[in-house]
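Thanks, everyone, for making the time this morning.

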Protein chains: 2
Amino acid sequence: MKEVNVAILGMGTVGGGIYQLIEQEGRNIEEKEGIRLKVKKTLALDYSVDVPEEKKARDISEIIEDPEIQIVAEVMGGIKPAKDFEMMALRAGKTVVSANKDMISQNWPDLEAAAKEGGVGHYFEAAVGGAIPILRAVQDSMQANTITEVYGIVNGTTNYILTMMDERGLDFDEALREAQELGYAEANPTSDIDGLDARYKLSILASLCFNARVPVDKIPCEGISKLARMDIEIGKELGYVVKLLAIGKRDEDGAIEARVAPTMIPKDHALANIKGSFNAVFIEGSAVGEMMWYGKGAGDLPTASALVSDMIYSVKAGEPRYASFDNRYDAQGVRFNDNGLTEYYIRLMVKDEPGVLSQIAGVFGDNHVSIRSVLQKPAEKGGLAPLIIVTHEAHEKDLQKAVAEMSSVEAVHGELHCIRVEQ
Amino acid sequence: MKEVNVAILGMGTVGGGIYQLIEQEGRNIEEKEGIRLKVKKTLALDYSVDVPEEKKARDISEIIEDPEIQIVAEVMGGIKPAKDFEMMALRAGKTVVSANKDMISQNWPDLEAAAKEGGVGHYFEAAVGGAIPILRAVQDSMQANTITEVYGIVNGTTNYILTMMDERGLDFDEALREAQELGYAEANPTSDIDGLDARYKLSILASLCFNARVPVDKIPCEGISKLARMDIEIGKELGYVVKLLAIGKRDEDGAIEARVAPTMIPKDHALANIKGSFNAVFIEGSAVGEMMWYGKGAGDLPTASALVSDMIYSVKAGEPRYASFDNRYDAQGVRFNDNGLTEYYIRLMVKDEPGVLSQIAGVFGDNHVSIRSVLQKPAEKGGLAPLIIVTHEAHEKDLQKAVAEMSSVEAVHGELHCIRVEQ
């Protein structure tokens, strides 16, 4: 039996989950793995579970300087002091397991250098997809594949809100308020609803999939707060469901396109049926073809499961692991494609008079955007009618130019609503 | 760069796939993993791909006695001589990667002993779910979970046939013929359609999930060849789809129930939408809750991907791995539950006369089987009417007793059709 002493930084939901899980499944882990995990110290301002006083560290040095502590779990979140604490632990030769996507996605090279310096591993399965073992799958099960596409639902809060809007016809504000009341959204929900959380996760996931660094600032990001209930309803009529998707693609020339955006997908696509706080990720590999993973994207025990799994994995690993993408790609420079092909759903509010459709179609045509279908809804009070255009695949820049020119069409009033469509 | 010499036993679809995949992705693997895989020898009667003469071994000893060969991939299938070859390779200190579910599920202890003797690992990700990295997930990502349930679609051939029967209203025989013509079913399809292939896979998967040996002969197994088109159609009316499910459950007292059987599942369940030759597996863990994996269950490159992944994994592994379940459980004796609770769909052909339903309901009631719903269809020519009973959860033995007694009801004619229902 190997005894392994662990410290937990941050004792909120996830920290408390780790503490409980080691208590609950400790015996099971000893029997299966021959490893006895022992939480020796914790460091936190607030505690979500009861912890004996002697296990509460006064400061980080008490953990860093304890030679018996072999693994540090960082689940405080945020950049400061989380980054410093992870760096200190790694340099001191302690394996770090972490769920901190914000920090990791923005500080990967520093963390990797510190891990090398300390001769230890840095593991972060819990940072993407909660309980879903997606990073391990990419690293340990898809080595013989060139991955061309990764996409999915990686934020449970926005998925919960979108599910409520879709199923119960709520407005965004109503759905958000309900999600907050039920604890699915935070009091300050910006990181989730603006898509930032999904962007951090996609940065990590796409970097591993494409074996190339995909920095956060190379990922255009659009949230869900401007989504109108009307577009969700019209989308439904057309056979689509709106989901906040994180998408990464690599084309044949190696150029990478990554983005986070509300996206219409056919209602019979597997992702359309991922509801509430669940996550799901699709990967397309050269040998395996299409694969999908599904599971709980957040929560105390699901996230703790990934962190404790990383602990056990690190103890058994042949050599410490930090990140599997090759820095060589950084040096050469990864190419990013900012003019990808997608279909678009566009809703304009137009005056219901002769010749309007022809003018609008003309603007699209002039910009090489080909129209797939048109739907005109009856005029609302005020005399404006919703006109819905679904395009064929169009280059992003062409589409943006067409959208910009649309303001010069006199019959078009107010804002234009544009949502990507993926088949 | 680590050079690793590999031998492939069996050069049919999967063996050819390995050979091609190493050629195709070799450079990629070198860059990402620092490992150069080289196929040094192959052994086969028939070759599905072109292989230079100098790479063709005359007999197994040429491979076993070559100290440069570090890994042997066994993809010949069958028991003889596959088992002997794997045992020889393991004892000679060569890592074995294998897709041979039939052989492994029935010879696990011997293989484990040989692997220990040779001080090497025995890996078989490809044996269950093709490209889906389900065994690795159970072993490397769910260590902190007590798994209570594992179930899914693990045989692509039967799933293809059932999809055809469902979508195109074909009879079993027609669908099988079509599957054979398209290469989805073998000329001798017994192992697939009788559920034996799924049973081998469930034996391996359930053993790993429950950390206890679940031998093949402890898994009751029913195939799909007796499925009537009529029951698929009536099931559809009732909101169900029929799938061949492999199911393993462990109750709170640790008793294991495992079986392979055609099963009705609600049409909005994720497994109902797994079509054609795809596989999908659900696992329920104490910490993660519900998780699902989906991907190609067979085929040259998908299966080869799992085998080559095992090769790379074995080179990087800290210590060789054979099986993760604990023999201790064998010694103590695993308890199996052969009287589990399930709902049932039952179709009887009855004479359409007064009092029949009351007699039939009486037989169920006397045997503690409670009826959930009844559907009587119009009588067919010959005067017999299909009477469909869906039960509440009933103990298997009670149900069997009720079914046996049904023959004494005069109005019941011909065979009784019974299909399990899982919500």
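Let me begin with helix 3 and helix 4 (residues 101-118) of chain B, which in this predicted model pack at an angle of about 20°, with their axes 8 Å apart. That angle makes helix 3 of chain B roughly parallel to helix 4 of chain B, and the crossing of these two helices is right-handed. If you look at the residues that meet there, helix 3 of chain B contributes, among them, B:Met87 and B:Leu90, while helix 4 of chain B brings residues including B:Leu111 and B:Ala114. The residues of this contact between helix 3 and helix 4 of chain B divide into seven nonpolar, two polar and five charged.

Helix 4 of chain B has another neighbour, helix 9 (residues 196-210) of chain B, and here the axes come within 9 Å and cross at roughly 50°. Helix 4 and helix 9 of chain B are therefore oblique to each other, and helix 4 of chain B passes helix 9 of chain B in a left-handed crossing. Among the residues that meet are B:Ile104 and B:Trp108 from helix 4 of chain B, and B:Tyr200 and B:Ile204 from helix 9 of chain B. By class, this contact of helix 4 with helix 9 of chain B has five nonpolar, four polar and four charged residues.

Now to the sheet. In chain B, five strands form an open sheet in the order 2-1-3-4-5, with parallel pairing. Why is one side of strand 2 (35-47) and of strand 5 (122-123) of chain B left without a neighbour in the sheet? These two strands stand at the edges, each with a single partner strand, so one side of each has no neighbour there. Further in, strand 3 (residues 69-74) and strand 4 (residues 95-98) of chain B pair in the parallel sense over four bridges, and B:Ala73 stands opposite B:Val97 in strand 4 of chain B.

Finally, the two chains. Chain A can be laid on chain B with an RMSD of 0.0 Å by a turn of 180° and a shift of 0.0 Å along the axis, which means that the relation is that of a two-fold axis. In chain A, the C-alpha nearest that axis belongs to A:Gly318, 1.6 Å from it.

Terms used: Residues are numbered from 1 along each chain as its sequence is written. Chains are lettered from A and ligands numbered from 1 in the order in which they are written. This is a predicted model: local features need pLDDT of at least 70, side-chain atom pairs count only at pLDDT 80 or more; totals for chains, interfaces and linings use all residues. Side-chain values use heavy atoms; hydrogens and water are left out. Copies are superposed by least squares on the C-alpha atoms of residues with pLDDT of at least 70 in both. Two strands pair if DSSP finds at least two bridges between them. Axes are lines fitted to C-alpha atoms, for helices over the stretch in contact, and angles run from 0 to 180 degrees between N-to-C directions. Angles under 35 degrees count as roughly parallel, over 145 as roughly antiparallel, 65 to 115 as roughly perpendicular and the rest as oblique. A crossing is left-handed if the near helix is turned anticlockwise from the far one by less than a right angle, and right-handed if clockwise. Contact means heavy atoms within 4.5 Å. Ala, Val, Leu, Ile, Met, Phe, Trp, Tyr, Cys and Pro count as nonpolar, Asp, Glu, Lys and Arg as charged, and the others, Gly among them, as polar.
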